[in-house]
Amino acid sequence: MKPGDRLPSVRDLAVSLAINHNTVARAYQELERSRVIEVVRGRGTFVANPGQRPPPDVEERVHKLRDTLRLAWIEAYHLGLAEDAFEEMFHQARDDARGERKEEA
């Protein structure tokens, strides 16, 4: 889904997935808290535009991300991976996250 896309209502999604509507409601609440989605009263629930405003905990999350990357570099070092091999893994992970998986020949 893209920013601005409308999500199904809690009830509709619960019915289509055959799960309890409270489960969907809690998931929507968590997504809204994380600013992945936004609820517009009277209009519905939409995928948020990530460029509109940063999440309130952006500094903390950037710090955690930096720590995670540092630990990954340390692990790569201990595994004996060359820097270019590690960077290729990083780029592949990025492509996977974007859905841009490359087919290997």
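Trainee: In what order do the three strands of the open sheet stand?

Mentor: The model is a predicted one, in which local features need pLDDT of at least 70 and side-chain atom pairs count only at pLDDT 80 or more, while totals for chains, interfaces and linings use all residues. Residues are numbered from 1 along each chain as its sequence is written, and side-chain values use heavy atoms, with hydrogens and water left out. Strands are DSSP runs of E with at least two residues, helices are runs of H or I with at least four, and both are numbered from the N terminus; two strands pair if DSSP finds at least two bridges between them. The pairing is antiparallel, and the order is S1-S3-S2.

Trainee: Why is one side of S1 and of S2 left without a neighbour in the sheet?

Mentor: S1 (residues 6–7) is joined to S3 by two bridges, and S2 (residues 37–40) is joined to S3 by four bridges. One side of each is left without a neighbour because S1 and S2 stand at the edges, each with a single partner strand.

Trainee: Which residue in the hairpin of S2 and S3 takes a positive phi?

Mentor: The hairpin has three residues between the strands, and the phi in question is near 85°. The residue that takes this positive phi is Gly42.

Trainee: At what angle do H3 and H4 pack?

Mentor: Axes are lines fitted to C-alpha atoms, for helices over the stretch in contact, and angles run from 0 to 180 degrees between N-to-C directions; contact means heavy atoms within 4.5 Å. Leu69, Ala72, Trp73 and Ala76 in H3 meet Glu83, Phe86, Glu87 and Phe90 in H4. The axes of H3 (residues 58–79) and H4 are 10 Å apart, and the packing angle is about 135°.

Trainee: How far apart are the end C-alpha atoms of helix H4?

Mentor: The expected span of a helix is 1.5 Å times one less than its number of residues. The 16 residues of H4 (residues 83–98) should therefore span 22 Å, and this agrees with the distance between the end C-alpha atoms, 23 Å.
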